[in-house]
Amino acid sequence: MKQKIALATLLSLICNIACAGDLKKAFRLINTGRYEEAISHFADELKDMPDNVAANYGMAKVFSAKDFNRYNLDSAFIFAQRAFLKLPLKPDDKQTKKYLEFGVRDFTVQETYNLIQKEAFDAAVKKNTIESYNHFLTFYKDTALLAKATSLRNALAFDQAVKSNSHEALKTFIETYPTAKEIPQATLLYEKLLYQHITADGKPESYKRYMELYPKGMYFEEAKSEFEQKGLEKTLKENTLEAYVKFQNSYPNHPSIGRVQDSIYAFYTREGDAEVYKDFIRLYPNNRNIFRAWRELYLLETIHDTPEEYERFIQQYPNYPFMSEVQQDLERARINYKLFQRDDKFGYIDAATGTELIPVQFSEASDFSCGLAAVSKEDCDDQCSFFYINKKGDTAFAATFNYAGDFVEGRAVVGFGNCSEDSCKYGVIDKRGKFIVQPVYDELDDISEGFYAAARGDKYGFLDRFGRVAIPFQFEDALGFKEGVAAVKTGGMWTFIDTNGIRLTPKAFKKTSSFSSALCAVTENDSTWGYINHQFEWVIAPMYAEAGDFEKGFAVTATRERDKAKKNIFVYQRYKIDSSGRIIEKLVAAPPPKTIKKKRK
């Protein structure tokens with residue numbers, strides 16, 4: 001856009017000079033330094049033929065001539081690019097042969113195009129300002145030079161942020177240049193300067209304030225240690241994994257070695273995935289957190305509570321220090337725990353034998369998922385208090401919730417507040433009861449294909465598996481991702497987006513389900529439902545009053561039909577259909593259909 005505006009302005013100025021166009025004469029004038037006259041001839045040619053390669057090439061030569069009093073590389077590049085975009089020239093073309101007379105051929109055009117950009121890049125480097133680099137990045141096209149300009153711009157911006165010695169400046173750098181290679185350094189320095197800013201006076205209250213404000217901050221362990229014990233001042237001020245390891249090796253019998261080992265554990269396992277726990281166990285077998293690391297690894301490797309996971313864990317980790325527990329968990333995983341009720345209380349039995357496994361004691365209870373079940377011992381009126389138990393019947397962790405969902409992929413949606421009265425805040429916990437997503441959302445669906453559909457106020461969006469906003473909160477409603485797409489509602493109608501938030505179809509639907517078996521039930525008029533494919537084409541025409549999701553190649557639908565016995569009464573006749581829409585089986589008539597989307601609240 002900048003180039004188009006610049007070109008229009010430039011040609012407007014040039015074309016005010018009246019002179020008959022003569023390319024041969026124009027190129028002779030360039031050679032004698034009579035640039036203004038040459039411009040007049042080129043401009044006249046361009047009025048009649050804007051894509052004239054020779055005239056554009058000539059203009060580029062004029063404006064890139066260093067002895068021209070209107071020397072301007074931006075203007076030169078505009079014309080050079082217009083000539084360059086016409087390459088390659090056709091050797092047998094009459095016009096091309098004419099161009100050769102002026103020295104205009106593929107090589108000279110490309111050479112000029114590249115040379116102008118190189119001179120513009122050198123000019124930006126000479127100025128060495130963020131503005132000069134940004135101008136080059138906006139205006140020019142050479143991929144290699146753009147990469148260099150970006151790198152130099154980022155390095156300069158980072159250097160300025162570092163020289164400011166300000167955590168605010170580093171935060172601005174991180175937010176402005178998120179792809180810069182200096183981001184890891186900037187992030188580390190930002191964390192360090194932020195910590196130093198808050199604790200500059202060295203008072204215990206300041207370290208406590210840092211811990212309260214940044215419980216997950218990189219320097220939390222240092223602040224905690226400074227607050228509790230000032231004796232490790234030098235090491236704790238560095239607050240790096242290397243510093244703690246060095247301290248441990250140098251002072252293995254120090255009274256505070258346990259706290260140092262805690263810091264090593266916290267730093268090394270910060271990412272929290274199975275691989276870091278494996279490495280920690282291998283590298284620090286004498287750390288006092290070694291059993292904790294083993295249990296975390298065990299939890300992550302058996303997250304779904306399946307017999308196959310436990311069997312695989314036994315094979316892969318024969319040195320696990322609590323192997324008897326694994327054997328017990330394996331036996332429990334092989335049992336189908338089933339809810340049963342007696343005198344308004346719930347417990348669990350073996351579905352195969354009827355043996356009572358967990359005695360009746362709960363007023364509310366759910367099925368086990370990933371080895372945990374949500375239960376309540378209180379009578380629920382407006383607000384329940386739920387907690388999770390394991391298959392031994394023990395409380396899995398201390399936290400209680402007013403809403404407790406099933407675990408999916410080792411994570412569960414939980415809520416606080418009056419969840420039956422639309423005043424609940426939802427978050428996500430792992431099997432340890434730790435929050436992956438803080439409870440700040442007004443709606444939150446289970447994770448699906450790596451994303452959480454969530455609501456904040458009256459807007460819906462999507463979070464990634466770490467709880468970060470992946471697709472902004474901008475929709476009126478949203479369904480979870482299925483088969484790589486999600487349905488979202490805008491302007492009262494439903495459309496589909498991909499995992500980047502890009503709309504996939506111009507079509508909009510009044511209501512929709514989610515994709516299953518490559519088909520999705522939709523309605524354009526809120527009256528008749530049909531099925532579309534991933535190309536958003538009708539596969540089964542809209543003819544049903546109700547349409548369920550496809551499972552194992554079949555779906556249950558319903559049509560509104562007049563009762564044969566009572567002609568003035570309509571019934572919803574259900575049918576089992578295959579993916580082509582062919583009726584497989586006529587089923588018992590169903591009650592009137594309900595809305596597809598099931599709200600949590």
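The structure holds 52 aromatic pairs, where rings of Phe, Tyr and Trp (its six-membered ring) pair if their centres lie within 6.5 Å; planes under 30 degrees apart count as stacked, over 60 as edge-to-face and the rest as tilted. This is a predicted model: local features need pLDDT of at least 70, side-chain atom pairs count only at pLDDT 80 or more, and totals for chains, interfaces and linings use all residues. Residues are numbered from 1 along each chain as its sequence is written, and side-chain values use heavy atoms, with hydrogens and water left out.

**Aromatic pairs**
- Tyr35 and Phe68 make a tilted pair, at 5.3 Å centre to centre and 55° between the planes.
- Tyr35 and Phe68 are both buried (under 20% relative accessible area, 1.4 Å probe, protein chains only).
- Tyr441 and Phe473 are stacked, with 5.8 Å between centres and 10° between planes.
- Both Tyr441 and Phe473 are buried.
- A cluster linked by ring pairs includes Phe291, Trp294 and Tyr298.

**Charges over rings**
- Arg295 has its charged end over the ring of Phe322, 3.7 Å from the centre (the criterion is NZ of Lys or CZ of Arg within 6 Å of the ring centre and within 35 degrees of the ring normal).
- Phe322 also belongs to the ring cluster.

**Strand pairing**
- Strands E22 (residues 546-547) and E23 (residues 554-562) run antiparallel and are joined by two bridges (strands are DSSP runs of E, at least two residues, numbered from the N terminus; two strands pair if DSSP finds at least two bridges between them).
- Six residues separate E22 from E23 in a hairpin, and Lys552 in the turn has a positive phi of about 55°.
- E23 also pairs with strand E24 (residues 570-578), antiparallel over nine bridges.

Technical notes. Helices (H or I, at least four residues) and strands (E, at least two) are DSSP runs, numbered from the N terminus. Buried means under 20% relative accessible area, exposed over 50%, partly exposed in between (1.4 Å probe, protein chains only).
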